[in-house]
Amino acid sequence: MDRLFKLKAHNTTVKTELVAGFTTFITMCYVVFVIPGMLSDAGMDKGALFAATCLVAGLSSIAIGLYANWPVGLAPGMGLNAFFAYAVVLGMGYSWEQAMGAVFWGGIGFMLLSLFKVREWIIDSIPKGLRVGITAGIGLFLALIGLKNAGIVVASPGTIITLGDITQFSPVMACLSLLLILGLAYRGFKAAVLLAIVVVSGIGLMAGDIAFQGIYSAPPSLEPVVGKLDIMGALKPEMLGVIVAFMFVNLFDTTGTLIAVGDKAGLADQNGKMQNMNRAMITDGTASWAGALVGTPTVTSYVESASGVAAGGRTGLVAVTVGVLFLLCMFLSPLAAMVPAYATAGALIYVAVLMAGSLANIDWNDLTEAGPVLITAIMMPLSFSIANGIALGFIAYPLVKLLAGRASEVSISVWILATLFVLKFTFFGI
C-alpha cells in the first residue's frame with residue numbers, strides 16, 4: 001500500500017484513507033439517485049442508467065486513485081447531465097444518442113487538451129470572470145430544473161413562468177428536502193444530501209405516494225444504453241457548440257475542483273504546482289469519452305471530495321475506496337428506483353447554492369467584468385441552454401472591454417473563441 005500510494009510520504013495511514021474514502025462516498029453517492037432521474041426525462045432507461053452511473057463512477061474513481069494518486073471521487077457531472085437532458089435533448093431536439101456522441105467527442109477533445117498541455121494555456125488566458133459566470137450559470141440552471149421538477153415553478157402563458165401550487169405534496173416535500181440539506185450541511189453533517197433524500201423518500205413511502213420495491217437485486221442490464229451513442233451523428237456542424245460546451249465546462253469545473261481539493265490535501269509543491277495534475281486531467285477526460293460508450297454523460301471530479309480530505313485523506317487510496325463502494329451500489333437498484341423527483345429536487349437546488357456562491361468573487365464595481373459575468377450566468381437558465389450562456393458571455397466580454405478602451409486585457413484565445421461563437425450563431429443558429 002505504501003509503495004503504491006506513498007502513504008508515509010503524505011503522512012497518512014490505511015485506516016485514515018479508508019475512513020476518508022467512505023466519507024467522500026457518503027457525501028457524493030446521491031448522484032446514483034439524482035442522475036438516472038434526470039436522464040430518464042431525456043428518454044433513457046432509468047434502471048440501465050443507475051447501473052451505468054455506478055459502474056462509471058466506480059471505475060473512474062479507481063482509475064484516478066491508481067494513476068494520479070489523487071484523493072478525488074469522479075462521477076457523471078450534475079450540471080453537465082442537466083445540460084445533456086434538458087438543453088440538448090429536450091431543448092434543442094437532438095436524440096439522446098446524438099447528445100451522447102457529443103459527450104464522446106467533448107471527452108476526446110478534453111483528453112487531447114490535457115495530453116498536449118493546451119489546457120494550461122486556455123485556463124491561464126481565459127479571464128476569471130467568465131469562469132465564475134459559467135459556474136454560477138450552471139448553478140442557476142440546476143436550480144430552475146429542481147424547482148420545475150418539484151412543481152414549485154410552472155409554465156405560464158402570460159408570464160412565461162410562475163409559482164406553482166406549493167401546498168401540494170410534491171412542492172412541500174421538495175422544500176423539506178432543501179431545508180434539511182441546508183440545515184444539516186451548515187452544521188457540518190457530511191451526509192446531509194443523502195439523509196435528506198432518505199427522509200423525504202421515507203415520508204413519501206409512508207404517505208403512499210411511492211411503493212416499496214425492495215432493497216437489493218442483481219444489477220439492471222446496461223443493454224438499453226451501452227454502446228448506443230451516435231458518434232458520427234454528433235459531428236454535424238450545428239452540434240459544434242454542444243461539443244465545445246461539454247468540453248470547456250468540464251475543463252473549468254474539473255480544474256477548479258482539483259485545484260481546491262489538491263490545495264486542501266497539501267498536494268501543491270513549493271512553487272504552487274499540483275502533483276500529477278496532468279494525470280488527473282487525463283483520467284477525467286478519458287473517463288468522459290469512455291463513460292459515453294457505457295451510457296453516461298460527461299464525468300467530472302466532485303467538490304464533495306473535500307469532505308474526505310477534511311477527514312484526513314491525502315492519497316489515491318481514498319479514490320479507490322470511493323470507487324469500490326460505487327461498484328457495490330450497483331446491487332441497490334430497487335432502492336434507487338423508489339426515490340421520487342421531489343426528494344432529489346432539494347439536492348439540485350443545494351448544488352445550485354454552492355455553485356452560485358462563486359459570484360462573490362466578482363468585482364461588481366467593474367462593469368466590464370460584472371456585465372459579461374451576469375450575461376453568462378443569467379442567460380443559461382433563461383435560454384435553457386448552458387452552451388448559449390457560455391457563447392453570449394464570450395462574445396460580450398471582449399466587446400465590452402473594447403468599447404471601454406481596455407482591449408489590451410483580452411487574450412487572443414478569448415477573441416478566437418468569441419469569433420467562433422459569432423460564426424456559430426450566424427451560420428448554425430442556436
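Colleague: Which side chains meet in a salt bridge with Glu409 and Lys401 as the names to look for, and what is the N to O distance?

Modeller: In this predicted model, the side chains of Glu409 and Lys401 meet each other in a salt bridge, with 2.8 Å from N to O. Glu409 is partly exposed, at a relative accessible area of 41%, whereas Lys401 is buried, with a relative accessible area of 0%.

Colleague: What else forms a salt bridge with Glu409?

Modeller: Arg406 does, the closest N and O atoms being 2.8 Å apart, and Arg406 is itself partly exposed, with a relative accessible area of 25%. Salt bridges that share partners join Asp366, Glu369, Lys401, Arg406 and Glu409 into one network.

Colleague: How many salt bridges does the structure hold?

Modeller: The structure holds 5 salt bridges, and one of them brings together the side chains of Lys228 and Glu223, at 3.3 Å from N to O. Lys228 counts as partly exposed because its relative accessibility is 33%, and Glu223, at 48%, also counts as partly exposed.

Colleague: Switching to helices, which residues of α9 are buried?

Modeller: They are Pro171, Met173, Ala174, Ser177, Leu178 and Ile181. Seen down the axis of α9, these buried residues fall within an arc of 170°, so they line one face of the helix. On the other side of α9, Leu179 and Tyr186 are exposed.

Colleague: And what covers the buried residues of α9?

Modeller: The cover includes α8 (128-150), α10 (192-206) and α16 (341-356).

Colleague: How far does α9 reach from its first C-alpha to its last?

Modeller: Helix α9, residues 169-186, reaches 26 Å over its 18 residues, which is close to the 26 Å expected at 1.5 Å a residue. The helix is followed by Gly188, whose phi is positive, near 85°.

Colleague: Is α3 mostly covered or mostly exposed?

Modeller: Helix α3, residues 31-40, is mostly covered, with 8 of its 10 residues buried; among them are Val31, Phe33, Ile35 and Leu39.

Colleague: Which residues form the nonpolar patch on the surface?

Modeller: That patch is formed by Leu205, Phe212, Ile215, Tyr216, Phe331 and Leu335, which together have about 620 Å² of accessible area. Phe212 lies in the loop between α10 and α11 (240-264), and at 52% relative accessibility Phe212 counts as exposed.

Colleague: Last one: where does Lys128 lie?

Modeller: Lys128 lies in helix α8 and, at 51% relative accessibility, counts as exposed. The C-alpha atoms of Lys128 and Ile362 are separated by 8.6 Å, although these residues are 234 residues apart along the chain.

Terms used: Residues are numbered from 1 along each chain as its sequence is written. This is a predicted model: local features need pLDDT of at least 70, side-chain atom pairs count only at pLDDT 80 or more; totals for chains, interfaces and linings use all residues. Side-chain values use heavy atoms; hydrogens and water are left out. Helices (H or I, at least four residues) and strands (E, at least two) are DSSP runs, numbered from the N terminus. The expected span of a helix is 1.5 Å times one less than its number of residues. Buried means under 20% relative accessible area, exposed over 50%, partly exposed in between (1.4 Å probe, protein chains only). The arc is that of the directions from the helix axis to the C-beta atoms. Contact means heavy atoms within 4.5 Å. Patches are made of residues with over 30% relative accessible area and no salt bridge: like charges are joined within 9 Å, nonpolar side chains (Val, Leu, Ile, Met, Phe, Trp, Tyr) within 5 Å. Accessible areas come from the Shrake-Rupley method with a 1.4 Å probe; for residues, only the protein chains shown count as cover. A salt bridge is a side-chain nitrogen of Lys or Arg within 4 Å of a carboxyl oxygen of Asp or Glu.
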